[in-house]
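This report walks through a model of protein chains and DNA strands. Look over the sequence and the structure first, then read on.

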There are 2 protein chains.
Amino acid sequence: MSGRAVTIAEVARHAGVAVSTVSYVLSGKRAISADTRRRVLDSVRTLGYHPNAGARALASRRANVIALVLPLRAGMHVPVLMQFATSVVTAARRYDHDVLLLTADEGPDGIRRAAASALVDGLVLMDVELHDTRVPLLRQLAEPSVLIGFPADTTGLTCVDLDFARAGALCVQHLAERGHREIALLGAPGVVYDRGTGFARRTREGFTEAVAEYGLTGVALPCEETFDEVARTVAELLERRPGLTGLVVHNEAATGHVLGALRQYGRRVPEDVAVVAICPDDIAERSSPPLTSVLVPAEDVGREAVRLLMDKLEGRTVPDGTLLTPRLTIRDST
Amino acid sequence: MSGRAVTIAEVARHAGVAVSTVSYVLSGKRAISADTRRRVLDSVRTLGYHPNAGARALASRRANVIALVLPLRAGMHVPVLMQFATSVVTAARRYDHDVLLLTADEGPDGIRRAAASALVDGLVLMDVELHDTRVPLLRQLAEPSVLIGFPADTTGLTCVDLDFARAGALCVQHLAERGHREIALLGAPGVVYDRGTGFARRTREGFTEAVAEYGLTGVALPCEETFDEVARTVAELLERRPGLTGLVVHNEAATGHVLGALRQYGRRVPEDVAVVAICPDDIAERSSPPLTSVLVPAEDVGREAVRLLMDKLEGRTVPDGTLLTPRLTIRDST
DNA sequence: CCCCGTTGTCGAAGCGCTTCGACGCTCATC
DNA sequence: GATGAGCGTCGAAGCGCTTCGACAACGGGG
C-alpha cells in the first residue's frame, strides 16, 4: 500500500490508451467510447489510482479546495460554529472539494496567502461582524467568497444567514399569540453587541419591532454566560417587571442557566413564565422542560454557503444576500 | 490585486537572477550571497509573490498540508474538540503547514483519498476509539499520522493524550486529602463507554484504582447530558449513598446541570458536597461556584500532536505514546 | 462518389516549481 | 604558479496532470 503512488501514465499503459484519454474519461470533458471508458475505469480500480492533487491543481488551475475561515471569538457559541463547519465540509465534498481550515490568528494575511498561492479556489467566512476587517480584502481578491453573516455594507459580496430579525419577531409573535403581554429578550453578552455582530443586533431589532407591532411591552437585555450573571439578570427582570410572563432567550450557552435561575426563584416553566429560545435543536431538546425554540439551521446555512460558492466558481451570478426563513418548533416551555 | 498571479520567473527577471536562485533564496537549501538574497527578497516583496502551492507540491512532493480528521460523534464535547482543532491549526502554521479538515462522514475512504492524492503529507486524528476502524488503515498508509487518544493496540502508531488515568486518580487524591471518604464519579454517557472511547474508560480506571489505594468507597456512574437525567442520577446517588461528600464529574456538558441538581436537592457546594470536574478551564470558571478542576489541556495536546507529526515527516523517530501530566486547579467547589 | 461534420483518440505543450549537475569564481595550499 | 576545495549561480530536467490541436475513421447528404 505504501511506496510510490500510481500515476496516470501507468493507468494509461495498463489500459492500453493515451494519457489524455484517461484524463478525459475521468473528467468527462470529451466523448469517450463506452468500451474505452470501461477499460480505463477498470485499470483505475485495479491499480488503485488517485490523481495527484498538486499536479491536477497546477495543470487545471483549480485546487478543488475551499477555505473555511473561523474566527473563534469571545461569546461565540462553539457547538453552533462546529455545526457550520461540518455542514460546510459535507457540502463541499458533494462538489468534490475539500476544505482547508483557516483561523483568525493569522488574520487577513492567512486569507491572502491561501488565495494568492492558489491553495484554495474560494472562501467561506464565518461569524462576520458588521465592520469586519476581512471584508475589504475579500473585495480585492480574485477568488470568490461567501460570508456566513452580514456585514454592514454588503456591496460586491455574497452573504447567507438565518433571518435573525424574523427569528426574533417570530418568538414575539408566538408569545403574543399565547396571550403574553409583557415579555423580555435575554440576549448575548454585551461585548457581542458592542462588537457589532450582526445576528445579535438583528435579533434584537426584530424583537423590538415585533413588540411594538403586537402592542406588547418588552425589554431586551444583554447577558453574560455564567450562572451567577444569568441568575442576577433574571432576578432583576422578575423584580422590575412583576407582570413578565414571556422570555425570549438568544444565548445558547445561557439557556440552561436561565431555566435553573427561574427554578431557583420558584417560577415554573411554562405556567409562570413561557420561554422561547433561539438555539440549536439539541440544546432545546436537552433542557428541562424541552424548549420551544427557533432553530439556527446551521446545516442549511452551511450547505447554502457552499452552493453559492460553487455557483460563483462556475461563473454564475448569485444574489448578494440570502436569508433563510426561521421556523419555530413548539415544545413544552410555552 | 486580481489578474494572473506572480510567478517565480517574474521574480527572477525582476531581480536579475535565475529562477533556481530565487527558489534557493526562498528555501534556504543552498548558500546564497547576502547581496543576491536581498535583491531577491526585495523583488518578492514589491511584486507580491506567493509561490503556487500546487506547483510546489508537485515538484517537491510535499504539500505542506496536514489533515485533521474529526469524527464528531455522539457524546463528544464539541468545545473541547474545537480547542484541539484550533491548537492544531495554530501549531501547524508555525511549521509552515496548513490544515485540511476531514470529517468522519466519508470514513476511511476520505483518509485514503487525501493521502493517496498527496493532498496532505500527514494526518492528525482526533477522538480515537479503542477499536477504531481507521487505525488499521493508518498502519498501511505511507503518510505518517498522529492520534489524539489511544486505541487498544498502539503498535506502529504515535499517540498523544492527557493521562486520563492520572487525572481520575488526581481528583480522588484531592478529595481524599480533604478528608472525604465516600465519593462518586459521574461520567460520560453510557454510549461513550460502550463504544470503547479510551479516555472515558481510563479516567474511570484511574478513579477506581485510586479509590482503592486511598481506602475510600466510591462508585462510578455513566450519565446522559440532559438536565433531567443528571438530576435523576444525582438524586439516586444522594439517596443510595447518604454519606456521599465528594463528586468527580467527567462530563463537560453535564457539569452545569450537576450543580443545578445539587442546588435543587438542597446540597451546598462545597459545604455538603465537594465537586471536582475534569473539563476545560472556561467551564470550571463560569460555574457557580467556580469548580476545582483538572484541565483537559487541549492546547498542549494539539501542539504536541503537530510537533510529533512534523518530527515524523522529517524522518525522526518519535515515541509511540505521549501522555501529558494532568494538573489540578483548586477553586471554590472543594 | 466526394465532401464534410462527428466521434474518439492521440501526442505534445505547458502549468510553476524544485533540484541536480555543471561551471566559473575566489582563496588557501603546496 | 598549478591544484583543489568550497561558494554562488545557472540551466535544464522533470514532477503528474489538463487541454489544445490534429487526425483517423465513419456516415450521411448532395
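## DNA strand C

α2(B) gives the most to the surface near DNA strand C, namely six residues. A residue is near a molecule or strand if its C-beta atom, placed from the backbone, lies within 6 Å of it. Helices (H or I, at least four residues) and strands (E, at least two) are DSSP runs, numbered from the N terminus. The model is predicted: local features need pLDDT of at least 70, side-chain atom pairs count only at pLDDT 80 or more, and totals for chains, interfaces and linings use all residues. Residues are numbered from 1 along each chain as its sequence is written, while chains are lettered from A and ligands numbered from 1 in the order in which they are written.

In total, 30 residues surround DNA strand C. Ser20(A), Ala31(A), Ile8(B), Ser20(B) and Ala59(B) are the closest. At least two residues each come from α2 and α4 of chain A, and from α1 (8–15), α2 and α4 of chain B. This surface has 17 nonpolar, 10 polar and three charged residues. Here Ala, Val, Leu, Ile, Met, Phe, Trp, Tyr, Cys and Pro count as nonpolar, Asp, Glu, Lys and Arg as charged, and the others, Gly among them, as polar.

## DNA strand D

DNA strand D also has 30 residues around it. Ile8(A), Ser20(A), Ala59(A), Ser20(B) and Ala31(B) come nearest. The largest share of this surface, six residues, is from α2(A). Its classes are 17 nonpolar, 10 polar and three charged.

## Where the chains meet

Two residues are in contact if their C-beta atoms, placed from the backbone, lie within 7 Å.

β2(A) and β2(B) (residues 98–103) pair in the antiparallel sense over three bridges. Pairing requires that DSSP finds at least two bridges between two strands. Leu101(A) stands opposite Val99(B) in β2(B).

## Two copies

A rotation of 180° with 0.1 Å of shift along its axis superposes chain A on chain B, at an RMSD of 0.1 Å. The two copies are thus related as by a two-fold rotation axis. Superposition is by least squares on the C-alpha atoms of residues with pLDDT of at least 70 in both. 100% of the interface residues of chain A are also interface residues in chain B, so the copies meet through the same surface.

## Core and sheet

The largest nonpolar core has 191 residues. Such a core is a set of buried Ala, Val, Leu, Ile, Met, Phe, Trp, Tyr and Cys residues joined through C-beta atoms within 7 Å. Buried means that 20 or more other C-beta atoms lie within 10 Å of a residue's own, with C-beta atoms placed from the backbone. Leu68, Leu100 and Val124 of both chain A and chain B touch the most other members. Helix α5 (residues 78–94) of chain B gives the most to this core, with nine residues.

In chain A, six strands form an open sheet in the order β7-β6-β8-β9-β10-β12, with mixed pairing. β7 (217–221) and β12 (328–329) of chain A stand at the edges with a single partner strand each, so one side of each is left without a neighbour in the sheet. β6(A) (residues 182–186) and β7(A) pair in the parallel sense over five bridges. Leu186(A) stands opposite Leu221(A) in β7(A).

Note on methods
A residue is buried if 20 or more other C-beta atoms lie within 10 Å of its own, exposed if 12 or fewer, and partly exposed in between; C-beta atoms are placed from the backbone.
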